[in-house]
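Let's take a friendly walk through a protein model, one feature at a time. Keep the sequence and the 3D view open as you read.

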Amino acid sequence: MSEPDTDSNPAVDLTARLGPLRLANPVLAAAGTAGAGRELAQFFDLTRLGALVTPSVMAAPWAGRPAPRSSGTPSGLLSANGLVGPGVDAFLATDLAWLADQGVRVVVSVAGTHSDEFAEVARKLAGHPAVAAIEANISCPNHSSRGQVFAADAIASARVIGAVRRAADPAQPVFAKLTADVTDLGHIARVCADSGADGFSLINTVAGMVIDTDTLAPVLADGVGGLSGPAVRPIAVRCVWQVRRAVPHLPIIGSGGIATGLDALQFVLAGADAVAVGTATFGDPRAPLRVLDELAAALAARGFSSLGQAVGFAHLDDHQRAVRRRPAESP
Amino acid sequence: MTPGASGPVLETVEVFGVQHVGDLVTLTLIAPEVATHARPGQFVAVRIGDETSADVLRRAVFIAAATTGGAHAGTVTLVVAPRGPGTRWLAGRGTGDRLDLIGPLGTPFPLPSGPAPAVLVGYGYGGGPLAWLAQALTAQGAPVEVVLGAGTAAGLHGEQPAKRIAERVTVLTDDGSAGRAGSVTDALPDAIVRLDAQVVYACGPAAVLRRVGDVAQQHAVRAQVAVEAPMACGTGVCRSCLLPVATGDDGARAGARLVRACVEGPVFEAGRVRWAELARLP
C-alpha cells in the first residue's frame with residue numbers, strides 16, 4: 001500500500017500559521033491518540049505531520065482509571081483512561097528525547113490536578129528545542145472543584161492558563177485545550193486569552209455514558225466517559241466557529257471527529273488555523289497523513305492557493321470572500 | 001523505527017475460505033504480508049463494516065494460523081466467536097469478501113530454546129492459536145499434550161489439528177456434551193506430570209488463564225498465557241487495554257505497573273498478571 005503523497009498539490013501553500021508558531025502543514029496528531037510516536041512510526045514517517053501532540057504529561061506518574069476504560073459507540077468512542085502517563089521526568093528522558101531524535105515537531109499536552117502542577121510541568125519543558133508549543137489540558141478534572149473540569153469555570157481556567165504562561169518558556173506558545181461542555185464557550189475563551197493564552201485547541205471529548213443492557217450498569221468502570229469521533233464533529237465545528245468569533249485574533253487548532261480531508265476543511269472554514277486528527281487513527285493508523293493529503297486536494301479543487309486563504313472563510317460575506325481570493329499584488 | 005520492517009503492516013485481504021463449525025466461524029484469508037512475520041500468540045485488528053459503517057473501532061482477533069509461500073503466497077486464519085455486532089459481522093463474511101487488517105500485533109508465545117515438554121491449554125477460540133503453537137513446538141522436537149475445553153461442544157476448536165500433532169489431546173466441556181465433563185484445569189495436573197512438562201501455554205478467557213496459572217505454579221512450571229483484553233486500537237496508542245502486572249521477577253512483590261496488553265502482551269507469564277485487579281474476568 002503506497003503512502004499518501006502530500007506533494008501532489010504543490011500549488012497549495014499548506015503552511016499553518018499559529019501566531020508565532022509556523023508548521024509545515026496544518027495536520028497534527030491529537031493528544032492521547034498517537035502515544036509518543038513510536039507506534040505510529042511503524043506505519044508512516046512522523047516528520048510528515050505538522051506536529052504530534054503528546055498524551056497529557058503530569059508532574060508525577062499516573063495510573064489512570066480502572067478498566068473497562070473504553071467502549072465503541074455509534075460513530076464514536078467513549079473513553080475514560082484518566083490521563084495515564086509516566087510523569088514529566090520520564091517523559092523528558094525517554095519520549096521527548098526520542099521524538100527530538102526523529103525530528104518530529106512536538107506539542108506537549110500538560111495536565112495537573114492543581115495549577116501549581118501545570119506550572120511545574122511547563123517549567124520543566126523550558127528550553128527544549130523539540131517542544132514547539134504547549135497544550136494546556138484544562139479539560140481535565142479540577143480536584144479542588146469536586147472533579148469539575150478547569151475549563152468549565154472561567155476563574156479556574158484563568159488561574160491555570162496564567163500559571164502555565166508565566167512558568168513556560170516565552171518561546172513556547174501556550175494553547176488552551178477547551179471543552180464543549182460549557183454554557184458560554186466564548187466567555188471561557190476570552191478569559192483564557194486575557195490570562196495569557198497564545199491560542200486555543202478544541203474540542204476535548206464530550207461527557208457521555210453507555211449503560212450495558214445485560215449487566216444493567218454503566219459500561220465504563222468510571223461511569224461517565226469522554227465521547228470522541230465523528231459523532232461529536234458538528235459540536236466541534238460549532239465550537240470552533242464560536243471561538244473564532246469570540247476571540248478573532250488568536251490561532252485555533254480544531255479537532256473532534258476528523259476522519260477525512262473534507263472534515264478537516266470544515267474546521268478550517270469555521271476558523272481553525274490547524275487541525276488535529278485523533279480517534280480516526282485508531283481505525284486507520286495512517287489517518288493523519290491521509291487527512292492531510294485529502295485536505296490539500298480539497299483546497300486545490302476549490303481554488304485556494306494557500307491554507308491561510310481558507311481559514312475562517314465560512315464567516316465571510318460575498319465581498320470579503322472576493323477580497324480574500326484576489327491574487328496578492330506583486331511588491 | 002522504519003515503516004514496514006518486521007512490525008505490523010496494513011493489508012487489505014481476500015476471504016478465501018469460510019467454515020462454520022458449532023458456534024465458531026473460521027476465516028481463511030489470503031494475507032501474505034501479515035503472514036510473513038506472524039507468530040502464535042499474535043493478533044490482527046480487523047476493520048468492521050464498509051465505509052458507511054458507524055463502527056470506528058477495529059476488532060482484535062487472535063491469529064489461529066499463518067502460512068507463507070504456497071499457491072497464495074501466504075494465508076492467515078482467524079477463528080471468530082460471534083458475540084457482539086462487530087464479531088457477528090465478521091462471522092458473516094463470505095468467500096471473496098475483502099477485509100482490512102493491521103497485523104501481526106502483540107508479542108507472541110515465547111518458544112523454549114530446546115525440546116522442552118509442553119502442555120497447551122485452549123478454551124473455545126483459544127484452541128486455534130494453540131494448534132499452531134503445537135506445530136512450532138513439535139518442530140523443535142518437543143513432546144506436546146493439548147487440553148481443549150469449552151462450555152459446550154459447539155464452542156470447541158482445534159481438536160483435529162491438535163490430534164495430528166500432539167501426543168495426547170484431552171477434550172473437556174463444562175456440560176459434558178463432548179469429551180469429559182469438567183474444566184480444562186481438571187486435566188492439566190495429570191498432563192503436566194505425565195509429560196514432565198517444563199512449560200504450559202494457554203489461550204482463552206481470563207478466568208481460565210488465571211486457573212491455569214495457579215495449577216502451573218503448584219507444579220513449579222511457568223505458564224505463558226495469551227490474554228484477551230478489551231481494546232480500542234490494538235496498535236498501542238489509545239492506552240485502553242492496560243493490564244496490571246507485577247514488577248520484577250517476584251510476582252509477590254508489592255510493586256505493580258500497568259502495561260499495554262496489545263504491545264507488551266497479549267502473551268504474559270501467568271504469575272505476573274495481577275488477576276485480582278482485572279475489573280472483569282470474561
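## A nonpolar patch

On the surface, A:M209, A:I211 and A:V224 form a nonpolar patch, and together they have about 280 Å² of accessible area. Patches are built from residues with over 30% relative accessible area and no salt bridge, joining like charges within 9 Å and nonpolar side chains (Val, Leu, Ile, Met, Phe, Trp, Tyr) within 5 Å. Accessible areas come from the Shrake-Rupley method with a 1.4 Å probe, and for residues only the protein chains shown count as cover. A:I211 sits in strand β12 (residues 211–212) of chain A. Helices (H or I, at least four residues) and strands (E, at least two) are DSSP runs, numbered from the N terminus.

## About the model

This is a predicted model, where local features need pLDDT of at least 70, side-chain atom pairs count only at pLDDT 80 or more, and totals for chains, interfaces and linings use all residues. Residues are numbered from 1 along each chain as its sequence is written, chains are lettered from A and ligands numbered from 1 in the order in which they are written, and side-chain values use heavy atoms, leaving out hydrogens and water.

## Two crossing helices

How do helix α6 (residues 261–270) and helix α8 (residues 287–301) of chain A cross, and at what angle? Their axes come within 7 Å and cross at roughly 65° (axes are lines fitted to C-alpha atoms, for helices over the stretch in contact, with angles from 0 to 180 degrees between N-to-C directions). The contact, meaning heavy atoms within 4.5 Å, includes A:L262 and A:L265 of α6(A) and A:V291 and A:L295 of α8(A).

## A bridge between chains

Across all chains, the structure has 20 salt bridges, each a side-chain nitrogen of Lys or Arg within 4 Å of a carboxyl oxygen of Asp or Glu. One joins B:R260 and A:E39 (2.5 Å, N to O). This pair crosses between chains, from strand β14 (residues 256–260) of chain B to the loop between β3 (27–29) and β4 (51–53) of chain A.

## Backbone details in chain B

The peptide bond from B:G103 to B:P104 is cis, with omega near -5°, and B:P104 lies in strand β6 (residues 98–105).
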